Amino acid sequence: MIIALAVFLITYVLMLSLPKRRHWIALGSAGVFLALGLAGVIDYSVFTALTQIDFNVLLMIGGTMGIVTLFIESRYPARLAELLISRTPNVQLAVAVLALFAGVISAFVDNVATVLMVAPVGLAISRKLKISPVPVIIAIAVSSNLQGAATLVGDTTSILLGAYAHMNFFDFFWMEGKPGIFWGVELGALASAGALLFLFRREKAPVSAQVQTRVEDYVPAGLLTALILCLIAASFLPQPEAGFLRLLYSLRSGLICTGLCAVGVIHACRKSGSLRPWKKILAELDTQTLLLLVGLFVVIGGIKSAGVIGAIGELFCRIAGDNPFRMYTLLVFASVLLSAFVDNIPYVATMLPVVADVAARMEGGAGAPYVFYFGLLSGATLGGNLTPIGASANIAAIGILRKNGETVSLRDFLRIGVPFTLAAVLAGYIYIWLVWGP
């Protein structure tokens, strides 16, 4: 176990030190664990490692990315944002509306893609009103991060939780006779909107925006809607007992996402009369995240086989004791703090089996696994808003500002990120415990 733990810690240190190479580091670490298994150091075969890779998750992420690329190309999100802004009386409400709109989009679309959709509208409005675009774009970025935990397809971390805890799309809204995590996220969104209104309370200049963007293709919006509806419908399919149908069932969500993506690509290629849309989707596909997840699946399977997950779970239980509320509080706020500096994808992927182990150790913890799962997801998702490097959407937003000649200081970010995060975390923290606490 000591060797496996050492390899795992080295992997994390290298991923933190070399963020642009983290996918190669994860794959290299996976290779080390396979070598340890072949050498008999740990009980971990190549076949076992392959079974740890969740191909359904990979297909879901890849297919969703493709549909999102087509959705952005259609210019539909920019038009929706302009329609909303044209109905707001002043800058204060315009910023809040833009942030909420970004959040709603982000509940179904990748966070970085959401920033790329909505940020140009925020820049245009800021220039027209001659105000600094820095706080406006930061507000859009942090709101995008918040809503990623609202639905199964909102963020990679949500997809990971759904796969690990066997949750379907509908479970995020209502599960086991109780309201799901979606409503906790929305309470957090309302609380954070109040924080934004307070932060922008002096921005009372009137807004006179016009709807200028023309939608070039409505099919991608229809595909995104069909994606959501199909995922909901698929969640009600009965599970076959065995055989090829059982395999298809285990991949159903991923096949839906990639199938609809293929329909969108074929439509776009026929419309343009070329293969440009197909090349665009391949270019925009986040292969680094997909490779990172493949490596992490194998690595986490390795440390689990070596007994590291159980040891970490035991450590958490020693800190929190046999008190579910203390454990829940520890998970939420430790996740917030760690995710401010550590990418939440490897963090959540690592912590999910730890949470399951912790829940199994708790006495009388009926319902405890889900309160811990939701606490982990909400804390890890929101913690990224505490720092400029805590989430990919933040980095993308700052990059957009810098390309437009704006300087973003740490103080600029913290001024919005900290109150926004505290308001959203506290609202979700109270809700999740009241609804899902044992």
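The structure is a predicted model, in which local features need pLDDT of at least 70 and side-chain atom pairs count only at pLDDT 80 or more, while totals for chains, interfaces and linings use all residues. Residues are numbered from 1 along each chain as its sequence is written, and side-chain values use heavy atoms, with hydrogens and water left out. Helices and strands are DSSP runs numbered from the N terminus (H or I, at least four residues, for helices; E, at least two, for strands).

Helix α6 covers residues 91–106 and packs against α10 at an angle of about 150°, with the axes 9 Å apart. Here axes are lines fitted to C-alpha atoms, for helices over the stretch in contact, and angles run from 0 to 180 degrees between N-to-C directions. The crossing of α6 and α10 is right-handed, the near helix being turned clockwise from the far one by less than a right angle (anticlockwise for left-handed). In the contact (heavy atoms within 4.5 Å), Gln-92, Leu-93, Ala-96, Ala-99 and Leu-100 of α6 meet Ala-189, Ala-193, Leu-196 and Leu-197 of α10. This contact has 8 nonpolar residues, 1 polar and no charged. In these classes, Ala, Val, Leu, Ile, Met, Phe, Trp, Tyr, Cys and Pro count as nonpolar, Asp, Glu, Lys and Arg as charged, and the others, Gly among them, as polar.

Helix α10 (residues 181–199) also packs with α8 (residues 133–147), at an angle of about 165° and with the axes 10 Å apart. The two helices are therefore roughly antiparallel. Their crossing is right-handed. On the α8 side the contact involves Ala-139, Leu-146 and Gln-147, and on the α10 side Val-185, Glu-186, Gly-188, Ala-189, Ser-192 and Leu-196. By class these are 5 nonpolar, 3 polar and 1 charged.

A further partner of α8 is α20 (residues 392–403), packed at about 160° with the axes 9 Å apart. This angle makes α8 roughly antiparallel to α20, and the crossing is right-handed. Pro-133, Val-134, Ile-137, Ala-141, Val-142 and Asn-145 of α8 make the contact with Ala-393, Asn-394, Ala-397 and Leu-401 of α20. The contact of α8 with α20 contains 8 nonpolar and 2 polar residues and no charged ones.

The whole structure holds 4 cavities of 30 Å³ or more. On a 1 Å grid over the protein atoms alone, a cavity is a set of points where a 1.4 Å probe fits but cannot get out, whereas a pocket is an open set with protein on both sides within 12 Å along at least five of seven lines; lining residues have an atom within 4 Å of a point. The second largest cavity has about 50 Å³ of space, a volume being the space filled by probe spheres set on the points, which are joined across faces, edges and corners. Its lining consists of Leu-146, Ala-149, Ile-181, Gly-184, Val-185, Ser-378, Leu-382, Ala-424, Gly-428 and Ile-432. At least two lining residues come from each of α10, α19 (368–383) and α21 (410–436). The lining is made up of 7 nonpolar and 3 polar residues, with no charged.

The second largest pocket contains about 580 Å³ of space. Of its 27 lining residues, Asn-56, His-166, Tyr-249, Ser-250 and Arg-252 lie nearest the centre. The largest share of this lining, 4 residues, is from α12.

Conventions. Parallel < 35°, antiparallel > 145°, perpendicular 65-115°, else oblique.
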